[in-house]
Every structure is written in structure tokens, then in C-alpha cells.
Amino acid sequence: MAQADGIIKPKTKRSKRFLESRAPKLAEDGKSTMIMKGGNTNQTVSQALKDIYSLKKPNAVLYKKKNITRPFEDSTSLEFFSKKTDCSLFLFGSHNKKRPNNLIFGRLFDFHVLDMIELGIEKYVSLSEMKISKCSEGTKPMLVFAGETFDTDNEYKRLKSLLIDFFRGPSVSAVRLAGLEHVLHFTAVDDKIFMRSYRSLLKKSGCRTPRIELEEIGPSFDFVLRRTHLASDDLYKLSHKQPKALKPKKKKNVSHNIFGTKFGRVHMQKQDLSKLQTRKMKGLRKRKRDVAEGEQDGESSKVAKMES
């Protein structure tokens, strides 16, 4: 590829296809995740990275070699790997005396770090320790968040948004009932975050709706919140900006209520209601005898007027 005046021009068809795949699109591809470990790690951190990688397959890249970097001090290496692998999410694991069993969840915007949140592992149960059947690879999980802290504290709000972005998987138009089998539950209480993974079992209930049971399949984490690096409000708002082509066009005289019911307003010319044809009903018809008596009464009244 040749570069002239800051514009990269492809020389081969392969490089042209590569640049087209990286070019901005109205409907972006699913977000990929790069998972890497720092210069110092232990068995707990390494196994935790592998278990989270198994949850993220196939939309993840696992680096097996150590990367001597400190994301909170210098994030240039993360941005370099992000641009190389086209990943907008990352997970970095490390271990040291000051911050043992450390995991850093983060995301990038335009190949620059947007948010980073550091979580410490206090208790961990791996996938291999639970000897039960697991969910199939690539299953889209259902995310459940419990705890008032996720709605009140600013850092926990951003953590909730980051976890949704991290585990939501690709966007799909429809999901079949049997595909809703993986549940990720996050609970925030007493300055701790508990992450649990369940498999939903559809049991017979004697009716059309099945009875649902949850079976824990792992991994299981007890996190504690440590350092945070959050984007400014302006940059965070810019990262959520959508192109005009994706925004729904506003239709005149059409509105929706809180339940999603669609209402339309129709403008018509003024009508003469005296000429309006109404529906004829049998109950409103006059009987023949009543009509005859009415005619006789009318004739007698006319005769009386003439005599007078």
C-alpha cells in the first residue's frame, strides 16, 4: 500500500479488500475483544483470562505471551494492538504485591482508550472446577444487573455500561427460545461485585410455558473495585453519536405512547352532518299502525283548522 498526502492507496486487490473492511460503515461489525496478560501474572489470573476468553469466543483474541505494559500509565501498546487486530474491547490481567489478582476491563473509541476499570479478584471458581455440562460456544448471554449502586453511583453506572458492552455479543434480529440458555448475573453490594454464570433449563410445567431453572456452570468471580479511568462527558457523548442515515425519520402527525401504541392524526374538511347517511336499524323503524294513526291525526287537525 502506498501513502500519499496522508491517504493510503492500495496497490493490490487484497490490500483494497483489507482497507474496505476497516473503513467506516453505517452498520458496524460486532465488537471484538483482545485478552492479554502483563509481565507478572499467576495461575489465578491466567486461568481467569482463559475462562473469560471461552465466554467470548469466537469474537475474541487471546495473547499467550506476556506484555510488559501498564495501561493506567501508558496505553500506547494497547492502542497499537487494537489497531492491528481491529478490537475495540480489551481485558488485561496482572498480579503484583500492591494489586494482587488484577483484571482491567476497557474499551476504545477510534483506537484510543475511552474507559478503563480495574477490578481485583477476591474469590474465583473456574469453569473446570464445576463438572457439569456447559453452554455451546458463541451463545449470546442474557445480562442481569442487581443492586441500587448500578443506578446511583457514577463509576458503577459506567462499569455497568462497560460490562454490557463487553459481554453482549453480536447484534441479532431474533433469538429462538432454546437459544436463551446462558445467563450472566452481576450483583453490586457492600462495595463488591459478584459475577455468576448460569445455564437456564427448560422443564415441563404442564402448560405451554415451560418452567425455568438455573444451574450454575461457572466461572464465578467476587470482584472489588479499584482504579478507574473514565472518559469525559463530551468524549463519552461523542462515542455514542450515530450517523444521520441511521436515525429514524420523524413522521408528521404520528405519535407513540409509553406502551409503544402508535397514534395517527388525520386532517379532513368540514362535513355537513345533516347529509350524513346513518345506519338503518330495525329497532328504529316505525310500525305501519303508528304511521297510519299519525296520518289520521294529521288529517283531523287540518279539518279542524279549516272549520275554524
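**Entry 1: aromatic pairs.** I started with the rings and found eleven aromatic pairs in the structure. The model is a predicted one, so I read each value below as computed from it.

I then picked out tyrosine 124 and phenylalanine 221, whose rings are stacked at 4.9 Å centre to centre, with 25 degrees between the planes. This pair joins distant parts of the chain: tyrosine 124 belongs to strand S7 and phenylalanine 221 to strand S12 (residues 220-229), 97 residues apart.

Next I looked up a second stacked pair, phenylalanine 221 with phenylalanine 223, at 5.0 Å centre to centre and 10 degrees between the planes.

Phenylalanine 221 is buried at 0%, and phenylalanine 223 is buried at 2%.

I also traced a cluster linked by ring pairs, with Phe105, Tyr124, Phe145 and Phe221 among its members.

**Entry 2: charges over rings.** I noted lysine 56, whose charged end sits over the ring of phenylalanine 166, 5.0 Å from the ring's centre. Arginine 158 lies over the face of tyrosine 236, 3.9 Å from the ring centre.

**Entry 3: helix H3.** Here I listed the buried residues of H3 (residues 76-85): Leu78, Glu79, Phe81 and Ser82. Viewed down the helix axis they fall within an arc of 165 degrees, so they line one face of H3. I found them packing against strands S3, S4, S5, S6 and S7. On the face turned away from the buried side I saw the exposed Phe80, Lys83 and Lys84. Last, I checked what follows H3: aspartate 86, with a positive phi near 60 degrees.

Notes
Residues are numbered from 1 along each chain as its sequence is written. This is a predicted model: local features need pLDDT of at least 70, side-chain atom pairs count only at pLDDT 80 or more; totals for chains, interfaces and linings use all residues. Side-chain values use heavy atoms; hydrogens and water are left out. Buried means under 20% relative accessible area, exposed over 50%, partly exposed in between (1.4 Å probe, protein chains only). Helices (H or I, at least four residues) and strands (E, at least two) are DSSP runs, numbered from the N terminus. The arc is that of the directions from the helix axis to the C-beta atoms. Contact means heavy atoms within 4.5 Å. Rings of Phe, Tyr and Trp (its six-membered ring) pair if their centres lie within 6.5 Å; planes under 30 degrees apart count as stacked, over 60 as edge-to-face and the rest as tilted. A charge sits over a ring if NZ of Lys or CZ of Arg is within 6 Å of the ring centre and within 35 degrees of the ring normal.
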